[in-house]
Amino acid sequence: MLTRNPALAGFFCMHASHQITSLTSMTDGEREWPCIAPENQGTRLWVSVVPNARQSGVVGLHDGCLRVRVAGAAIDGKANQMLLRWLAESLGIPLRQIELQAGQTSRRKRLFLHLPFEVVINWLDQLGINR
């Protein structure tokens with residue numbers, strides 16, 4: 001779990017990527033949003049999916065991940081498809097700019113977004129999630 005208190009500079013924390021990171025080496029966006037990290041001209045996003053919802057949308061943060069409810073059932077990858085479609089629509093990008101890197105059969109997923117880190121931070125800020 002990520003400790004988001006910058007006053008703890010010099011302390012170490014467990015990042016959502018399960019890597020031990022010094023709080024002083026993290027960017028402001030990573031401290032603010034534990035569910036994202038910059039990576040190779042894009043952004044890594046960790047998501048916790050809740051399938052079988054009435055409608056798709058963000059619930060908030062949960063255990064270092066962005067918690068998203070999706071209307072699809074967790075059968076034959078339908079929830080994954082709904083998640084990717086919802087993300088693409090919400091971000092205003094083509095579906096091909098989102099890669100599901102890990103968690104195909106798990107509620108916890110690691111995605112790669114072919115978007116600059118700052119764009120994803122602005123998107124998260126606009127969602128109005130309580131941190």
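Close-up 1. The structure holds zero disulfides, a disulfide being a pair of cysteine sulfur atoms within 2.5 Å. For C35, the nearest cysteine sulfur is that of C65, 7.7 Å away, and C35 is in no disulfide; C65 is likewise in no disulfide.

Residues are numbered from 1 along each chain as its sequence is written, and side-chain values use heavy atoms, with hydrogens and water left out. Because the model is predicted, local features need pLDDT of at least 70 and side-chain atom pairs count only at pLDDT 80 or more, whereas totals for chains, interfaces and linings use all residues.

**Close-up 2. The largest nonpolar core.** This core has 27 residues, of which I36 and L45 touch the most other members; a nonpolar core is a set of buried Ala, Val, Leu, Ile, Met, Phe, Trp, Tyr and Cys residues joined through side-chain atoms within 4.5 Å. At least two residues each come from β4 (42-50), β6 (65-69), α2 (78-91), β8 (108-113) and α3 (117-127), and α2 supplies the largest share, seven residues. Helices (H or I, at least four residues) and strands (E, at least two) are DSSP runs, numbered from the N terminus. Not counting residues up to four places away in sequence, L45 touches C35, I36, L66, L87, K109, R110, L111 and L113, where contact means heavy atoms within 4.5 Å.

**Close-up 3. The aromatic pair of W86 and W123.** The structure holds one aromatic pair, and the rings of W86 and W123 have their centres 6.2 Å apart and their planes at 55°, so the pair is tilted. Rings of Phe, Tyr and Trp (its six-membered ring) pair if their centres lie within 6.5 Å, and planes under 30 degrees apart count as stacked, over 60 as edge-to-face and the rest as tilted. The pair links distant parts of the chain, with W86 in helix α2 and W123 in helix α3, 37 residues apart. W86 is buried, with a relative accessible area of 15%, and W123 is buried, with a relative accessible area of 6%.

Technical notes: Buried < 20%, exposed > 50% of the residue type's maximum accessible area, 1.4 Å probe, protein only.
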